[in-house]
Amino acid sequence: MTAYPWHQAQLESLISGQFQSILLVSAPGQGSDRFARQLIEFLMCATQSACGSCQSCRWLSQQSELEAGQQSHPDVIELQPEGAAWAHKIDTIRPVIEQVATTTHQGGRRIIYMPEAERLTQGAANSLLKVLEEPPAGTHFILASHLPGRLPSTILSRCRQVRLPSAPADHHWLDQWVAPSARRDKALTITTAPDWVIELSDPDSDLEARVQWREQLSAAFSGDPNIEVLVASAQKIGLLAALDDWYMHSVEQAKQLALIGHAPALAALCKFQNRLNEERQSVLAQVALNPGVVLRALNDWWVRLGQLASQPKPN
């Protein structure tokens with residue numbers, strides 16, 4: 001998997017392997033997973049060039065074919081959140097700590113990759129502290145998070161933070177990944193995050209339903225809500241996708257409010273985003289929810305936010 005061109009400087013600074021523990025920080029959909037996987041390819045390649053033909057590269061190329069939780073490379077450990085709480089738990093971390101103390105399969109490097117690191121439980125985070133600070137020679141920890149503020153300070157202080165910039169606003173980069181088309185243009189009306197634009201540009205994606213959902217969100221924020229249509233639109237794409245799109249739309253609104261300096265509306269919108277994240281975590285944790293009730297409650301809040309944002313900002 002290839003990292004985006006605007007991340008090349010960060011990639012080149014790391015492929016020598018002169019680091020122990022890093023935390024990749026990026027906005028959602030901005031290529032942190034692509035970046036991490038290409039970095040792993042360079043670090044584990046026999047020639048450190050991601051050649052694609054050595055044993056290590058062949059192992060890594062098989063990862064996408066495996067089910068969640070399976071590992072294609074014996075010296076690369078990928079830790080995904082799991083369980084009802086969708087978290088990185090201490091019971092998963094302890095075996096990894098024991099494994100990094102053993103010799104590697106190929107006698108070289110070992111990498112532990114942890115996306116969504118903010119989902120570490122307190123116990124799991126505490127168990128990682130010593131090995132993050134002093135990993136065995138040749139062992140590298142790559143953590144990634146869109147919400148680094150939720151990580152314990154003890155984890156943050158032990159990791160070198162690598163901030164990945166968001167995609168350029170001019171969209172010229174897109175041609176390398178997705179051919180120009182009406183579908184691509186429509187995907188850009190939903191999001192400018194490159195991971196999601198590429199996903200939505202796929203003919204098999206639920207693009208039309210996502211566009212309809214976004215239109216309902218915009219109408220509600222502008223003071224023209226239709227709750228029945230909004231709920232029906234969300235149900236077409238599923239509650240999780242609806243919450244993700246809602247969050248993206250709220251980020252766009254927050255940028256506009258920040259530009260005009262509307263502090264009260266911006267503060268209220270940040271609280272709303274926290275609520276969206278809480279509801280998203282409940283969905284991931286497979287908590288029994290009534291989507292209609294959730295969506296109606298969020299919509300009421302969203303409409304009030306739109307009303308607040310439409311008022312003149314205080315002097």
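Predicted model: local features only at pLDDT ≥ 70, side-chain atom pairs only at ≥ 80, totals over all residues.
**Close-up 1. The cysteines and the disulfide count.** For reference, a disulfide is a covalent bond between the sulfur atoms of two cysteines. Cys159 is buried, at 8% relative accessible area, while Cys270 comes out partly exposed at 36%. Here, buried is under 20% relative accessible area, exposed is over 50% and partly exposed lies in between (1.4 Å probe, protein chains only).

**Close-up 2. Strand 3, residues 110-114.** Five of the five residues in this strand are buried, so the rest of the structure largely encloses it. Arg110, Ile112 and Met114 point one way, and Ile111 and Tyr113 point the other. Helices (H or I, at least four residues) and strands (E, at least two) are DSSP runs, numbered from the N terminus.

**Close-up 3. Strand 2 beside strand 3.** Strand 2 (residues 76-78) runs parallel to strand 3, joined by three bridges; two strands pair if DSSP finds at least two bridges between them. Look for Glu78 opposite Tyr113. With helix 4 (residues 90-100), the two strands make a right-handed β-α-β unit: with the strands pointing away from the viewer, the path from the first strand over the helix to the second runs clockwise.

**Close-up 4. Strand 3 to strand 4.** Strand 4 (residues 139-145) pairs with strand 3 in the parallel sense over five bridges, and Phe141 is the bridge partner of Ile112. The chain gets from strand 3 to strand 4 through helix 5 (residues 122-133), in another β-α-β crossover that is right-handed.

**Notes.** Residues are numbered from 1 along each chain as its sequence is written, and side-chain values use heavy atoms, leaving out hydrogens and water. Local features need pLDDT of at least 70, and side-chain atom pairs count only at pLDDT 80 or more, whereas totals for chains, interfaces and linings use all residues.
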